[in-house]
Amino acid sequence: MKYRAWDNEKQKMYEVGKEPNIHFEFTEHGIRGIDMLRSDGKGGFKVLDHLIYMQDSGMKDNQEVPNAIVANDIVKKYVHSYSNYYAEGPGGIGLGGQETHFEGYHYGIVKYRPSRGFFLQVFMTEDEFDGSFKPYKTDGDITQYRSEVIGNIFENPELLEIPEELIDA
């Protein structure tokens, strides 16, 4: 499994296992980060108890250069809803086509629960037809199809806010 760690004191994201001065170890209580350049004042190294760890979902978005989808990422996912309509033809009544009701994007935060696994906690929707943004709360599946990691809640908190002028009242 791969992890990232957010250092809320330094406002910095670490890639677990790729930081030259931070050692990460797995303990019976979870992951622990140790700063190999700072002393704990007792002859050891400084334990970074304040780090927030995020697990990689094992999925990637479908961009030209795929991004790993990790807990607390903000994902933009294409969605649409439609209904079938029926028409009478030479062979009787059959499927005449589909009528699109909504086409746009959901914006959500990647979450993890042991009972459910990884899912997308949607907080906003963008209507492709009229360009409006609306607050929207639901849980959905994370799909790699037509999705894009656009940031994360720590480094890009501004992505969690909908500008007032874009909200369709």
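This is a predicted model: local features need pLDDT of at least 70, side-chain atom pairs count only at pLDDT 80 or more; totals for chains, interfaces and linings use all residues.
Residues are numbered from 1 along each chain as its sequence is written, and side-chain values use heavy atoms, with hydrogens and water left out.

Trainee: How many strands does the protein chain have?
Mentor: Strands (E, at least two residues) and helices (H or I, at least four) are DSSP runs, numbered from the N terminus. The chain has 0 helices, and its count of strands is 12.

Trainee: What percentage of the residues in the protein chain is buried?
Mentor: Buried means under 20% relative accessible area, exposed over 50%, and partly exposed in between, with a 1.4 Å probe and protein chains only. Of the 169 residues in the chain, the buried share is 37%.

Trainee: Is Asp35 buried or exposed?
Mentor: Asp35 forms a salt bridge (a side-chain nitrogen of Lys or Arg within 4 Å of a carboxyl oxygen of Asp or Glu) with Arg38, their closest N and O atoms being 3.7 Å apart. Arg38 counts as partly exposed because its relative accessibility is 32%. Asp35 has a relative accessible area of 4%, so Asp35 is buried.

Trainee: Which residue meets Asp139 in a salt bridge?
Mentor: The N to O distance in this salt bridge of Asp139 is 3.4 Å, and the partner is Arg116. The pair links distant parts of the chain, 23 residues apart: Asp139 lies in strand E11 (residues 133-140), and in the loop between strand E9 (92-113) and strand E10 (117-127) lies Arg116.
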